[in-house]
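Morning, everyone. One structure today, and a few minutes to go through it. Please have a look at it first.

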Amino acid sequence: MAARKLPPSKDEVAALPPFEGVPLARIHVPHTPQQIDAAWAELGRHRYVGFDTESKPTFTAGEVSGGPDVVQFATATEAWVFQLRVGACLDVVRQVLESPDVVKVGFGLQSDHTQLKARLGVHVRPVLDLDIVFSRRGYPRTIGVRGALAVAAGKSFSKSKRVTTSNWSVAELNDRQLLYAANDAFAALKVLEALALPEDELAGWIARRP
């Protein structure tokens with residue numbers, strides 16, 4: 001077991017160079033059959049894709065979330081934000097999530113798996129949960145994307161609480177929501193790239209069963 005380590009403090013993270021995320025021009029929001037087919041054609045050819053979800057927040061005690069409302073994937077250069085309210089997106093989202101050839105990379109993926117199983121009836125596999133990778137290296141079990149990006153890449157990743165708690169079930173996501181969602185997935189993939197783990201070690205971190 002690795003010695004316990006602390007991630008950089010908020011002040012230390014703030015002093016780091018900013019993370020350059022995927023720009024709005026490279027974020028796709030598929031709606032038409034052609035856009036959805038193009039999304040799968042690109043995502044399906046990658047071994048690793050960044051992955052995350054967003055849900056409309058609940059503010060009342062006992063209120064149950066109906067999310068996730070958004071599922072996002074990213075490659076090294078682009079990102080796709082799928083709104084699950086768009087029925088035409090459901091099949092391709094399931095296809096990516098269940099593809100045995102595409103490893104979904106992210107943080108805290110167990111909660112995403114539970115919600116997606118309830119919402120879409122899918123088992124999200126294979127996955128690479130970077131929280132577990134960092135935990136085995138001595139960091140807190142929930143280091144998250146901001147801490148991991150600071151440790152692995154020396155970059156500061158800013159996340160707006162206002163956007164986090166915005167309404168993700170709206171018919172049209174605004175630019176700030178699109179950038180937030182896309183870069184959550186994009187940053188996870190960039191952390192994986194920064195770790196530069198050999199393929200044989202990566203294989204040991206990939207979970208293939210629910």
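Let me start with a question: which residues are buried in helix α2, residues 33-43? Before the answer, the ground rules. This is a predicted model, where local features need pLDDT of at least 70, side-chain atom pairs count only at pLDDT 80 or more, and totals for chains, interfaces and linings use all residues. Residues are numbered from 1 along each chain as its sequence is written, and side-chain values use heavy atoms, with hydrogens and water left out.

Now the answer. I36, A39, E42 and L43 are the buried ones in α2. Buried means under 20% relative accessible area, exposed over 50%, partly exposed in between, with a 1.4 Å probe and protein chains only. Those residues sit on the same side of α2, because they cover an arc of only 130° around the axis. That arc is taken from the directions from the helix axis to the C-beta atoms. P33, Q34, D37 and A41 are exposed, on the other side of α2.

What covers the buried residues? The cover includes β2 (48-54), β3, β4 and α3 (90-98). Helices and strands here are DSSP runs, numbered from the N terminus: H or I with at least four residues for helices, E with at least two for strands.

Next, T75. T75 is in the loop between β3 (70-74) and β4 (79-83). T75 counts as buried, because its relative accessibility is 1%. Leaving out residues up to four places away in sequence, T75 touches L43, H46, W80, F186 and L189. Contact means heavy atoms within 4.5 Å. Note L43: this is also one of the buried residues of α2.

Then F73, in strand β3. F73 has 0% relative accessibility, so F73 counts as buried. From F73 to G147 is 74 residues along the chain, and 20 Å between C-alpha atoms.

Now the whole chain. The protein has 9 helices and 6 strands. Of its 210 residues, 47% are buried. Take the contacts with a separation of 6 or more: 70% of them are between residues 24 or more positions apart.

Finally, overall size. The radius of gyration is 17 Å, which agrees with the value near 17 Å for a compact globule of 210 residues. That radius is taken over C-alpha atoms, and the globule rule is 2.2 Å times the number of residues to the power 0.38. The C-alpha atoms fill a box of roughly 50 × 40 × 40 Å along the principal axes.
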